[in-house]
Amino acid sequence: MLKVEGISVRRGGTPVLHDVSLALAPGATLAVVGESGAGKSTLIGAILGLIRCAAGQVTWTDAPAPKCRPALVMQEPRAAFNPHLSLRRSVMEPLAKQASAGDLNRLYRLCDGLELHPDLLDRRPNQVSIGQAQRMGILRALIAKSPLVLFDEPLSALDAATQKHTARLISDMQGQEGFAALIVTHDLGYAAAFADHIAVLRAGRIEEYSAARAFVEAPQTAYGRTLRDAAFSLGALERVA
Amino acid sequence: MTFTANGLSAVRSGRTILHPTDVTLKPGERVGLVGASGSGKSTLGHALVDGLRGAGTAVAHVPQSPDEALDPLRSMAYHWREAEIALGLAPDASRRTHLFEALQIGHGDMRKRPWGWSRGMQQRFVIAMALIGTPGVLVMDEPTSALDPVVAAGTMDLLEDYLAGRQTALVLITHDLGLAARRVSRLMVMDAGRIVEDAPTTRFLAAPATRAAKALCAHRNWLQLPC
Amino acid sequence: MIGALAGLVLRACVVLAGAAITTFALLWHAPGDPALSIAEARYGTIVSEEVLDFIRAEAGFDGGFWSAFWAWLVPLLQGDFGQSSVNGRDVWPDLVTAMSYTFPLALVSLGIGLAISIPLALIATRRPGSWVDRGAVALASVGVAIPAFWLGLLLILLFAVQLGWLPAMGAETISHSILPALTLGFGIAASLTRIIRSGILEARGQPFLPAFRRRGVAPRDIARDHVAPHAAVPVVTVIGLELAFLLEGLVVVEVIFARPGLGSFLVNAIFARDFPKVQAVVILTAVIFVVVNLLIDLIYRRLDPRMEGRDA
């Protein structure tokens, strides 16, 4: 459904992304891993059409409406919301038009799935916990039923236990709603546990693309091994006995 | 001989965020201080540094991010010299070379200011600075979370190699039990401003007793999450 | 660095050219006949149409705006400020005399402002939120709100009229400068106090300071080596802006205290439509403003080298 074909992005003469190609099937999950500065956020910007590509193209075949964009979940949960608006207003914003009874129904169903008490919707972003704020961000991304959701480091602001809980909820929602997910993360543990495929981005290029479990067991490139071994060493991954 | 700090506590705007706590560390020990965010582990870390110093132990603290340790307007050389003066030490080029080599930052330009160095190198510089006075206790607050995994793992490995065989006790503060479990031999679990569990790592992982510890253990490994 | 400097100089040139054209245009289009104003200033009586035509030709008014503008600009570029339209004397020596009254006054005022505001801000920030701090902030707010002409008259009433300690008018002796300098200095002190205070408070909130304390660096050293430089950055920037306030205050204060100087020079020239004189003051102040801001920019880069390489 999402096709990224040979995109290159330059910033001030220096290439930030170079000939990056990716594909994502409906309902599938792709994790893009890499270090800071590898071009992960630029890739998201390019897919959203916020950053102009010097070459290549991003196509989204079965978009529900011609002008529809993928939904986005951002890294800093609180910064992702207008601090002066209630979460309800921010969350309902993607719907544009007056919320119908069906929309409200869907809102409460999603709240339930994300383990958010509906009363939290009437609070401001700084009146909920950071984990709750991030789940509100996910709720906003899902409300408009976009079949593609981009996650930009969705867990890095959360503590270890909350990360895992949130990852589980994202995965459950995916099972329920059927959206495809592109997850940008530096956490190989998360990628290995929840993605179907892992793309390793390094200095603007795709260094390696593998099935997630296969990558953890045997990375194909030296850099892939470096990343995996660092994850082992930090306890983000356990060595398979 | 042990390092002991008794009656550590903290109150912020009328609320007790750290209940009176005693901490005893053995020389050369590797201790993990783990807990969810808001459990009071950083507060205990700060109180531990102040308490141990008050008790006459040489102690050093490495904050989570180099931004919390270095003044962007001052050069690296300035920071280094200032840290030496604070410890009452004369400048010693060989000590610096030795620490820089151990942490692999010997190629860094000392005339530059922090932002002239990469974040990973800044963090190693802060660690090297913490080791100047060969402290009895080194407290590290979330040493990996501000760095890329590859850099963080490399830094931790270099630090462990340096500390091996030395008397310095390491206290690793982290929310990530997976990280702590790989790096320390004793775990202290914090919950709501108290240490609720304190046990050798292997025993702790095999049989966590409290609710907070069980939650941490259950969410330790990405590939074996409870459903 | 070289590129940034070139950018700054280029910007300075644009500012100067803009200031020159704008003032010339404003004077030109001001209501009333400039030739009539000049004639009045020159002869003090109603004059005939022939004399006015003569003045127009002499001042270059008859060729239209641009020809008058060029007639003034071209000699200026060669360092010639021209002659007064009123008395025919060279503008430059008179300007120098005026400056010799104004610049010492400006510097002393700035000195008074700094001498009051720095200690006041330091005392206020010793315990933020205490009554001393609140008092200093209140005093500064009142000081900013008081216009220079009112404060100047109050000081004259108190020290010259009631107490008779100091002279009020003129500029013959040093004692004549005390009241004008205090009037300006208080205004500067008021606005600087608030800036320095918030600069110090902001610098004290820097995230790295607790780490320096834990490293065992003495509090005095932290304040001197790590708080003060960070607090200085916004203060230096504001001192540049303060200069605009100072120039504006100088005009008012010189008129109140009947002092010769740039302010009186400018006011008299404007009333007489003495184009060369007005333009000379405008160009001079624009140059001062641009040069000071250029210096401040350079100091700023020195204080905070993170600016280096960013937009000039």
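Which domains does the domain assignment of chain C give? The assignment gives domain 1 (2-77) and domain 2 (95-271), with bounds that come from an automatic or database domain assignment. The C-alpha centres of these two domains of chain C lie 35 Å apart.

This is a predicted model, in which local features need pLDDT of at least 70 and side-chain atom pairs count only at pLDDT 80 or more, while totals for chains, interfaces and linings use all residues. Residues are numbered from 1 along each chain as its sequence is written, and chains are lettered from A and ligands numbered from 1 in the order in which they are written.

**Contacts between chains**

- Two residues are in contact if their C-beta atoms, placed from the backbone, lie within 7 Å.
- Two pairs of chains touch, and the most contacts are between chains A and B.
- Between these, 22 residues of chain A are in contact with 23 residues of chain B.
- On the side of chain A that touches chain B, the largest share, five residues, comes from α8(A); helices are DSSP runs of H or I with at least four residues, strands are runs of E with at least two, and both are numbered from the N terminus.
- Chain B also meets chain C, with 16 residues of chain B in contact with 13 residues of chain C.
- The helix α2(B) gives the most to the side of chain B that touches chain C, with three residues.
- No contact joins chain A and chain C, and their closest C-alpha atoms lie 14 Å apart.

**The largest nonpolar core**

- A nonpolar core is a set of buried Ala, Val, Leu, Ile, Met, Phe, Trp, Tyr and Cys residues joined through C-beta atoms within 7 Å.
- A residue is buried if 20 or more other C-beta atoms lie within 10 Å of its own, exposed if 12 or fewer, and partly exposed in between, with C-beta atoms placed from the backbone.
- The largest core has 144 residues, of which Val149(A), Leu48(B) and Val171(B) touch the most other members.
- Helix α4 (residues 119-130) of chain B gives the most to this core, with seven residues.

**Helix α4 of chain B**

- Eleven of the twelve residues of α4(B) are buried, including Phe125(B) and Ile127(B).
- The cover over the buried residues of α4(B) includes β4 (59-62) and α5 (149-163) of chain B.
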